[in-house]
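Dear colleague,

My notes on the findings follow it.

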Amino acid sequence: MPSSSINRIIRTVLALFLVLAPAVVQAYIGPGAGISFLQGLWVALVGVVLSVVAVVLLPIKMLFRSFGRSKSSLLLVGLGLLAWFAYEHKPPMVPEKVSGRTLVLGFDGMDPQLTERWMKDGLLPNFSRLAASGAYQPLATTIPAQSPVAWSSFATGTGPGEHGIFDFLRRSTDSYAPDFSISETQPTQYTVDIPGLQIPADGGEVTNRRIGEPFWMTAEKTGLHATVLRVPVTYPPDPIYHMLSGMGVPDLLGSQGTYSIFTTERLGGTENRRIKRVLPDQRGLVETGLSGPDNPLSAGQPLQQAFSIEPAPRGVQININGKSFGLQEGQWSDWVAVHFTMLGPLRTSGMVRFLLLQSYPLLKLYVSPIHIDPYDPAVPISSPQEFAAELADEIGLYHTIGMPEETWSLNEGQISDEDYLAVIRTTLAEREAMWYAALEAHNTELAVAVFVQTDRVSHLFYRGLDEEHPLYSQSGEAARGAIQWIYQEADRVLGETLKRMSPDDQLIVLSDHGFAPFRKAVHLNRWLADAGYLKFKPGEQGADTLFHGVDWAQTKAYALGLNGIFINQQGREPNGSVSVAETKAIKARIAEELVDATDPETGASLVRQVFDREDIYPGLAIDEAPDLVVGYEKNYRASWQTTLGGAPPELVETNREKWSGDHCIDPSLVPGVLFTSFPLSSEVKNIQDVSSLVLKLLESRAGD
């Protein structure tokens, strides 16, 4: 091949690369997402480059052949190595059937008091049978009692001071803004700037912020194999035999679940990217679009998936991507593929479900968050990568967002209790199918799965259980029976698991925390302001938004996240005002005063105890921790405004939202549960000890 032809090929490849590789650093699928939605395109680009390299090397290969078989073999080995690096390693082969497995089944948020009550009433026969034949105990949770914290301790066998997860949210090190605690993006470090584009020289990286080795990785290092399904804080996935990531996986926008509403109703100024007013033409046809990730070529402009809605005899017809389907009021659609095109053939794909809330003339259509498509994942959701698609082949398409049962549409009154419980039934069925497939495969010595539906239902339907909650009187039959129903569903799943176990399998069942009523919200930054620790600029009094009007030069402490208080320390916070020498005394004073805080309306105590991080978090990750962790009394919890740095005017506010149960209170009030199919030979003090229990079981089986 003439050198000029080779040069033309190389120039073409480079030109394609420059055109097709726009600003990854500007194309994240949203805050906290941890990855660019275009990262998957790097695979395609590498494929193109490798193909061109093969073409360029063809005459060289022929030349080597003319010199003899040895040189030709050398070239083939080289190309084989290229292919090895270009494709992901396949998992190792395992025996056709593994006996003596260790099985771990989690039910997020399962409460010991409710479990014991319904076991006593005969409503949970499988849990009763497991407790009688093996062991049962309440299981102490972490400080604080939050799912990402507790499940990280479960996985690593360490406390928050070592694994580094202290809350759902963390503060950014260069500002006072909150950030997602589970995963973090390392954006592209090198770019080439040309007019209108910032071209990346690398693809960026997403990392799990949890520190330490989870027990399934430890098991695999000993030659065993593990299947881990939807355990929280497993995004991105660990490189094990089979993993499907759980809490932490974003939607295609990068959020933890952003829904959309399309309505003909006048919105009164509330229209935004998520809630959109649409206007039908004379035939009733609505032509609109679903907003996707931001277009990296047009800053701030989301990519769009066009679709239309039109009247149908029994509801509406939706037309999208050349396909049409009908919906009646209250009906959910199957999964629908959506594509967001950036430039030419370059696009990212996801999938959604539609729910018709109201038909014409007052049209109201709900669209689920845009889930990652397991057949075309824009972000890594499984290990190996093809496992997500293989699972879809086996059980059908499924919800992929880490917290799949999006809660805000119900909490904000956009959908009904029945609509939400329909989602719960769907995700429960999906999780069951995954778990039963793993059990029936008998191909790993360790299998772990977590069902989160117990937690979601408890959060949103405690109002039906708590007669003193402000919404109890408005709760219908579905709401009042929802928590008992989901516990009985958990019992049914346990029964199906027991049926699929071999006689020499061993089972651990646990939850990460329990539950309590959430009747009133505490605006913790308001308490700090009233006590003189949080100061505002002249003329400012605080607001719902992130530290609005705060005078940082005069501020000694601030609240952020669900349980944390941070000292505004010099040299650590962006505008610190408190010296290191003063910090200890200020922490002690806040802790002493806060436990005396009371509800202005009833006089009830708001806080049971306040923990100093120095006393509870041994480990090298302590610098990320809040200085103080607040353990609220039963019935109280930090307000939503507090979690994001808000300071509304009142100290305590009645919770009139459907999110009516919670666990982000004093950990002693919300332990989880632990069941085993075997007697416990040693004490399991808390959820952190479960990791060592699992490894001991695996070690004992290895010696059999």
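I begin with helix 9 (residues 387-395), whose buried residues pack against strand 9 (226-229), strand 10 (242-244), strand 22 (382-383) and helix 11 (417-441). Contact here means heavy atoms within 4.5 Å. Helices (H or I, at least four residues) and strands (E, at least two) are DSSP runs, numbered from the N terminus. The buried residues in question are Phe387, Ala388, Ala389, Leu391 and Ala392; buried stands for under 20% relative accessible area, exposed for over 50%, and partly exposed for values in between, with a 1.4 Å probe and protein chains only. After helix 9 comes Gly396, with a positive phi near 95°.

Please note that this is a predicted model, in which local features need pLDDT of at least 70 and side-chain atom pairs count only at pLDDT 80 or more, while totals for chains, interfaces and linings use all residues. Residues are numbered from 1 along each chain as its sequence is written, and side-chain values use heavy atoms, with hydrogens and water left out.

The axes of helix 5 (residues 125-133) and helix 13 (477-500) come within 7 Å and cross at roughly 55°. Axes are lines fitted to C-alpha atoms, for helices over the stretch in contact, and angles run from 0 to 180 degrees between N-to-C directions. Helix 5 is therefore oblique to helix 13, given that angles under 35 degrees count as roughly parallel, over 145 as roughly antiparallel, 65 to 115 as roughly perpendicular and the rest as oblique. Helix 5 contributes Pro125, Asn126, Phe127, Arg129 and Leu130 to the contact, and helix 13 contributes Ala490, Asp491, Arg492, Leu494, Gly495 and Leu498.

An open sheet of four strands has the order 12-11-20-19, and its pairing is mixed; two strands pair if DSSP finds at least two bridges between them. Strand 12 (275-277) and strand 19 (354-358) stand at the edges with a single partner strand each, so one side of each is left without a neighbour in the sheet. From one strand to the next, the twist averages 20°. Within this sheet, strand 11 (residues 260-263) and strand 20 (residues 364-367) run antiparallel and are joined by four bridges, with Ile261 opposite Tyr366 of strand 20.

The loop between strand 11 and strand 12 holds Arg266, which is exposed at a relative accessible area of 67%. The C-alpha atoms of Arg266 and Arg277 are separated by 6.9 Å, although these residues are eleven residues apart along the chain.

Elsewhere, strand 15 (residues 315-320) and strand 16 (residues 323-327) run antiparallel, joined by five bridges. Ile320 has Lys323 of strand 16 as its bridge partner. The two strands form a hairpin with two residues between them, and Asn321 in the turn has a positive phi of about 55°.

Salt bridges

The count comes to 29 salt bridges, each being a side-chain nitrogen of Lys or Arg within 4 Å of a carboxyl oxygen of Asp or Glu. Three of these pairs are described here.

Glu468 and Arg519 form a salt bridge whose closest N and O atoms are 3.2 Å apart. Glu468 lies in the loop between helix 12 (453-461) and helix 13, and Arg519 in strand 25 (residues 516-522), so the pair ties together parts that are 51 residues apart in sequence. Glu468 is exposed, at 60%, whereas Arg519 is buried, at 18%.

In the salt bridge of Lys520 with Glu601, the closest N and O atoms are 2.9 Å apart. This pair links strand 25 to the loop between helix 15 (580-594) and strand 28 (607-612), 81 residues apart. Lys520 is buried, at 12%, and Glu601 is exposed, at 63%.

Arg613 and Asp627 meet in a salt bridge of 3.8 Å, N to O. Arg613 is buried at 7% relative accessible area, and Asp627 is buried at 1%. Both residues belong to a network of salt bridges that links Arg171, Arg572, Glu573, Arg613, Glu614 and Asp627.

With kind regards
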